[in-house]
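Here is a friendly tour of one protein model, meant to be read with the structure open beside you. Please have a viewer ready, and follow along heading by heading.

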Amino acid sequence: MTTPIPAEGRVDLRLDWGGDAVLGAEVRSRRPQPQRLLLGQPPAHALAVIPRLYSLCGDAQTVAVEALLSLVEGGTVDADRASGWAERIRLENIREHLWRLGLDWPGIAGEAPQPGPLRELLAGRERFAQDRDAARAWALQTSITLFGDAAVSWLDHGDPQAFDRWLHDAPTVLAVLLRGLQPRLAGLGRSQAPLFRDADLEPLVRDVLPRLRDDPEFHWRPDWRGRVFEMGPLARNRERPLVASLLAQRGAADSWIRVVARVLELAQGLHSLVEGAAAAHALAWQLRGDEAVVVLEMARGVLLHWIQVDSGRIGDYRIVAPTEWNFHPRGPMLEGLLQLRGSDEQRLRDAVALQVMALDPCVQYQLEIVHA
């Protein structure tokens, strides 16, 4: 009997284990594409299908479809709508970070879950999107709960030493969680994969449109100019002093730096709500003839939607999610797996779980260990 693959897909991992070290590894993504549900339908049908099919980061998926429809139907993307989309994605990113840091990581670390801030955001997100005062009050209280009163000392100035002092001295539940995770994550999942920059969204969207049209396998194994990038919070925050300092110290990305980048991005998101700042706009698009492509940043990394329209009907529709980059057959997950050492199989499985969680906490995976 086979297990059905969820709509969000699954990643298959295979390790060839020599008893004390991993001798070889394979990574394969099995995330389904939506074509069979959309072919021959009006473009607007995608808005009814895709957000329900891909529930992870559902707001980002919805925004990508809405932006594509704007291009197909109107030839451009309205600036006011783009600002509203950016606000939705900001709140969704904060929600995802609260979920992983408040529920998933405590479960792995044996700590009590902290659902309070997430529950409050889920209850108030529609109001927060419209009421900045309500969003500010919630964000301020959440920031104090998670980071204490001194959070801005390392957020505003990007001071690695201030972060270290907070990490080792703060009594908040988040600091306690991270203190327990640091020795387990440091050095795990090391990768030299290039880190994608927001500034490259525009050239990326120009380059990938012909690749999507001409290469039917591109969405399974994407690359840009021959390189496979790591996507997500670490890539977005690579140049911030705290993350840049850790990368310089360690010489490569690892699971600890990825979690620190997620924590930093959560702090930044909350701080931006407290300050009443506009949500950052990380969205690019291209319309060429009967094709349109939209690329945007979401919590897990870069999301790409491409549509081809034929006589007013969907002729093709493909999605490239961050999973396809981070779990590419020669991407950052593979690099980390190849460096695993250990003579205990259960500890090896635990190390893989930590590495997957740090790189992309939304991914479901199946691990096969072959005794070489």
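## A helix across the sheet

Which strands does α4 lie across, and at about what angle does it run to β4? Helix α4 lies across β3 and β4, and runs at about 40 degrees to β4. Helices (H or I, at least four residues) and strands (E, at least two) are DSSP runs, numbered from the N terminus. Axes are lines fitted to C-alpha atoms, for helices over the stretch in contact, with angles from 0 to 180 degrees between N-to-C directions; contact means heavy atoms within 4.5 Å.

Before going further, please note that this is a predicted model, in which local features need pLDDT of at least 70, side-chain atom pairs count only at pLDDT 80 or more, and totals for chains, interfaces and linings use all residues. Residues are numbered from 1 along each chain as its sequence is written, and side-chain values use heavy atoms, leaving out hydrogens and water.

## The sheet

The open sheet has 4 strands in the order β3-β4-β5-β6, with antiparallel pairing. Its edge strands, β3 (283-288) and β6 (313-320), each pair on one side only. On average, neighbouring strands are turned by 10 degrees against each other, direction ignored. Two strands count as paired if DSSP finds at least two bridges between them.

You can walk across the sheet strand by strand. Finally, 7 bridges join β5 (residues 301-310) to β6, where Leu304 stands opposite Val320.

## Buried β4

How many residues of β4 are buried? The count is 8 of the 8, so β4 is largely enclosed by the rest of the structure. Here buried means under 20% relative accessible area, exposed over 50%, and partly exposed in between (1.4 Å probe, protein chains only).

In a regular strand the side chains alternate between the two faces of the sheet. Both faces of β4 are covered: one side carries Glu291, Val293, Val295 and Glu297, the other Ala292, Val294, Leu296 and Met298, and all of them are buried.

## The largest pocket

The largest pocket is lined by 26 residues, with Asn93, Arg236, Glu265, Gln268 and Ala280 nearest its centre. On a 1 Å grid over the protein atoms alone, a pocket is an open set of points where a 1.4 Å probe fits, with protein on both sides within 12 Å along at least five of seven lines; lining residues have an atom within 4 Å of a point. α4 (79-109), α13 and β4 (291-298) each supply at least two lining residues, and the largest share, 7 residues, comes from α4.

Arg258 sits in helix α13 (residues 255-275) and counts as buried because its relative accessibility is 4%. Its contacts include Glu230, Leu234 and Pro332.

Most residues other than glycine have a negative phi, and most peptide bonds are trans. Arg225, in the loop between α10 (201-214) and α11 (233-236), has a positive phi of about 55 degrees and is exposed at 57% relative accessibility. Ser311, in the loop between β5 and β6, also has a positive phi, near 55 degrees, and is exposed with a relative accessible area of 73%.

Key
Lists of a residue's contacts leave out its neighbours within four places in sequence.
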